[in-house]
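Biologist: Please take a close look at the aromatic rings and their surroundings.

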Amino acid sequence: MDRSPTVFDVLRRRVLAPLALTLTATGCVQAPPAPGSPAAPSAAAPAVASAPAAPAAAPALPPSVVALGAAAKRQVPMLDVAGLEAAIGGGRAGLLVDVREPDEYAAGHLPGAINIPRGTIEIAIWPRVGGASTPDLARPITLYCGTGLRCALAARSLRELGFTAVSAVEMRFPADWVKAGLPIERSPDPVWVVARELRLPVPAPAVWATVRPFDRLHVWHPTMASTRMDGDPSRPGAVRELTTKSGAVVREELLSLDDAAMTVQYRILESPLPARDVIATLRVIPVAEGSLVVWSSSFRPRGEAKQAPTRAAVASIYEAGLKGLGETVR
C-alpha cells in the first residue's frame, strides 16, 4: 500500500543520509560493514521511556566514580528528603534545579523545578542568576537528581564558579519523594537539550573570529553549501537561509551576538528536523592552552518525533560542524 512520506522519511533522505556520508568521509563515524561481512560491534542507543512506571535501577559504577561522588558530597551541603521539604516550605530552597536529562524531567519532577542537565549546568545557569556579566552568586540554588551523585557533582562545579549558597539533595527520586507522600509534576510537552563541545589548541579570539560571522557558517561547516542573508548579519533580527549540500533549506534568526562573552544565539525558523522552538547557542570559551567551543540547543518535538533519533540528528550536525571548525582554524 502506498503511503505519504513522513517527516522522518524526509529527514533521512535530505539530511541524515548526506550527513552520514560526510561524517564517514571526515572520519567522524565508521562506514557500515559490507554485505555478508561480520557486523562490527557498536553501542546500542539507550532505550527511552516517556513515563516509566518505576525508577530504573542505578547503573553499576566503577570505584573511581563512587569515590568522586563521595568527595563531592563532602564538599557541598547535602539535604535529605525532610531537609528539602523544609527548605521548599520555608522558602529557603531558592532556585530549584533538576539536573537529570530532559526525558527524566518530563516523566516526573519536583513542583516548581526547572531542568538544567548536569552536562550543561556550567553553561546554562547564567540566565537564571542575572546573566553572565552581573550574576547573583549569592542566590540560593538547590540541585537534585535521581540518586544524589549528579547533583553533588553539579553543585561542586557551581561552587568552583563562585556560587556561595548551593546545596544538593541525596535521595532516590522519585521513589523517596513519593514514599514521603509528596507530589511530583509531569511535563506534557518536554524540552530536549543537546550539547557538544570541542577543545582546540587555538586562542579563543582567533576561533571567535571564525565563528562570529552569522553569514559564514558554510565556510567551516562541511554539510553547508551556501548562506543567503536577509538583514545585517551582525544585528539581532537578521535571518540567514542555509542551503545544505543535499539541497535542504534551513532558516535561522539571529537573537544575540555578544563579543565580550564570545557567544552567538539564534532561533531556527525552518528546517527538515522534526523539532520546534529551537534555540541554539554557540560559544567560545578561553581555557588553558587554547579554547573550548560549546554548541548547544533546546527544543520541543514536532509531531510524533522520537527523542533518540531527533537528538542524534542534532548531535551529528554539531559534531560535524565542530570538526569542520577545528580543521578550519588550525
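Which residue lies over the face of phenylalanine 214, and at what distance from the ring centre?

Modeller: Arginine 240 lies over that face, 3.9 Å from the ring centre of phenylalanine 214. A charge counts as over a ring if NZ of Lys or CZ of Arg is within 6 Å of the ring centre and within 35 degrees of the ring normal. The model is predicted, with local features needing pLDDT of at least 70 and side-chain atom pairs pLDDT 80 or more, while totals for chains, interfaces and linings use all residues. Residues are numbered from 1 along each chain as its sequence is written, and side-chain values use heavy atoms, without hydrogens and water.

The charged end of arginine 240 also sits over the ring of tyrosine 266, 5.0 Å from its centre. A search of the whole structure gives 6 aromatic pairs (Phe, Tyr or Trp rings, the six-membered one for Trp, with centres within 6.5 Å; planes under 30 degrees apart are stacked, over 60 edge-to-face, the rest tilted). In one of them, the rings of tyrosine 144 and phenylalanine 173 have centres 5.1 Å apart and planes at 65°, so this pair is edge-to-face. Phenylalanine 214 and tyrosine 266 form a tilted pair, with 6.2 Å between centres and 55° between planes. That pair links distant parts of the chain, 52 residues apart: phenylalanine 214 is in the loop between helix 8 (204-211) and helix 9 (217-220), and tyrosine 266 is in strand 10 (residues 263-270). Helices (H or I, at least four residues) and strands (E, at least two) are DSSP runs numbered from the N terminus. Phenylalanine 214 and tyrosine 266 are both buried, meaning under 20% relative accessible area with a 1.4 Å probe, protein chains only.

Definitions and conventions. Buried < 20%, exposed > 50% of the residue type's maximum accessible area, 1.4 Å probe, protein only.
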